[in-house]
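Let's take a friendly walk through a protein model. Have the sequence and the 3D view ready, and follow along as each part comes up.

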Amino acid sequence: MAQGISPSAIDLTEAPAARPVGAAGGSWPGGKSAWVMVFMLFLAGVLSVIDRAALNILVDPVRADIGIGDEQIGLLQGLAFGLFYAFMGLPMGLLADRVSRRNLIVAGIALWSVATIGSGLAQTFGWLFTARLMVGLGEAALGPAAISLIADLFSPAQRGRPISFYMMGQGLANGIAISLTGLLVTAAGAGAFLGVPVIGHLVPWRIVFVVFGAGGLVVAVGLLAFTREPARQVQAATGAAARMPGAAEAAYFWRNRGVLLPLYFGFATCFTVAYGASAWAPTMLLRGYGADAAFLGKWLGPLSILFSAIGPLIGGTILDRSMRSGRTMARFAILSIAPVFALPSVLAVLAGELHLATVLVASSNAVFSVIGTVMFATLQSVVPPRMRGSAIALTLVLNTIIGATLGPLMVASVTERVLHDPALVGWSIAVVCTPFLLIGAALYALAGHTMRRAAARGDSECAGLLSSGAN
């Protein structure tokens, strides 16, 4: 099924040689070919989230078919996906700084797509857990390589919109997953797939996973056919002593820990909410407000898409304008204020009416898209170009260990062990997520304060790179 694009068949060593940076505006390719790459990365980002988000809509059918509880679902949503995704994140980031990033992404897509198909065929909790592990391993390649590619395709002053477009795909994917899952479940329940080879005999939730996995294989082929690896923007150093892979990156992070630690942990704390709330909010609407899959597909999906489209556009536009006006520190104000706007979404259990609760749940997509867009663009500006892949990879590691692993599981544990009522999952979301949003905002404010002090003293590499605008 993955013929011609299996990881073992792809040569990851044919990365073009790096080149020195020339005059401002003349070193980055830009143009049509660059945007073709961004569009393909957008599609890959959409599918990477769809493969994860589908499970959030199918909680109760999977529970009934496999015979498991909420906490085991929480493990599938978090730990199963996150284990390889977290621990392979940094190696993938280091690899993205050294090999063909396009081919690395193609290999990752092929792996996670086959694993998604395997999820749909799983007969036991162990089988499904293993399939989700492989999804996480494949998806660990995408983030570091994609952001690094964009940074080598566009100059710093032009980077906000392509990064926001790529991020918008991952934001839109949650709504797309909800709508497509609702549509596929409804169609399968009506017998639309009867007689179709491979999937005709499967129950609806299994059909969803197989269809989404097959779509990923199509995107992998498209990346191979329509894109090529760009040259890196920095000439590799010559004559330097060989160092252990990752040593230079670790040394840089340690020297600039006053800025980078609150920056990274602020992101991870906010995305504990993003993962935890998005994992269980559809189930809250189903259990607490009496919605069904068709309602989620008709209302929550399109609303999530709408808010997800708005968020990155706002974040990218504000970021580009602040760069052009010389207000390089404005990004920290955006990051420290944005989490507060997600509070209504995690308190949707108080809405009292299904449609209002749905709007509130969907609104968080805009907030987290803004945070992700501004955060990724900031990281690309505060680390040396040779570390772009590993800088993004570290966010994936921390977001997964802290956010993806703990968020869904904490919500499930509060529901099962504290509230003892599956219908009260909305209150679990509120109890777990509200303090995390406030902590995330405080950490971002601390990062901004530290950066401003470091810039005033002139003793921070991060502040120097950000203020120069040449990265």
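**The whole chain**

Please keep in mind that this is a predicted model. The secondary structure of the protein chain consists of 19 helices and zero strands. Of the 471 residues in the chain, 59% are buried. Now look at contacts between residues at least 6 apart in sequence: 85% of them join residues at least 24 apart.

| Helix pair | Angle | Axes |
|---|---|---|
| α3 (residues 70-87) and α16 (residues 388-404) | about 160° | 9 Å apart |
| α13 (residues 330-337) and α15 | roughly 145° | within 10 Å |

Start with α3 and α16, which pack at an angle of about 160°. Angles over 145 degrees count as roughly antiparallel, so α3 is roughly antiparallel to α16. The crossing of α3 and α16 is left-handed. On the α3 side, the contact is made by Gln77, Gly78, Gly82, Tyr85 and Ala86, while α16 brings in Leu396, Val397, Thr400, Ile401 and Ala404. Sorted by class, the residues in this contact of α3 with α16 are six nonpolar, four polar and no charged.

Next come α13 and α15, whose crossing is also left-handed. From α13, the residues in contact are Arg331, Phe332, Ile334 and Leu335. From α15 they are Val370, Ile371, Val374, Met375, Ala377, Thr378 and Ser381. The contact of α13 with α15 has eight nonpolar, two polar and one charged residues.

**Two threonines**

Stay with helix α15, which spans residues 354-382, and look for Thr373 within it. Is Thr373 buried or exposed? Its relative accessible area is 1%. Buried means under 20%, so Thr373 is buried. A polar atom of the Thr373 side chain lies 2.9 Å from the backbone oxygen of Ser369. Leaving aside neighbours within four places in sequence, Thr373 is in contact with Gly160, Ile163, Ser164, Met167, Pro312, Gly315, Gly316 and Leu319.

The other threonine is Thr283, found in helix α11 (residues 257-288). Thr283 counts as buried because its relative accessibility is 2%. Which residues does Thr283 touch, not counting those up to four places away in sequence? They are Asn56, Val59, Gly288 and Val425.

Notes: Residues numbered from 1 in each chain as written. Predicted model: local features only at pLDDT ≥ 70, side-chain atom pairs only at ≥ 80, totals over all residues. Heavy atoms only, no water. Helix = DSSP H or I, 4+ residues; strand = E, 2+ residues; numbered from the N terminus. Buried < 20%, exposed > 50% of the residue type's maximum accessible area, 1.4 Å probe, protein only. Polar contact = N/O pair within 3.5 Å; in protein donor to acceptor, adjacent residues only side chain to side chain. Contact = heavy atoms within 4.5 Å. Axes fitted to C-alpha atoms, helices over the stretch in contact; angles between N-to-C directions. Parallel < 35°, antiparallel > 145°, perpendicular 65-115°, else oblique. Left-handed = near helix turned anticlockwise from the far one by under 90°. Nonpolar A, V, L, I, M, F, W, Y, C, P; charged D, E, K, R; others polar.
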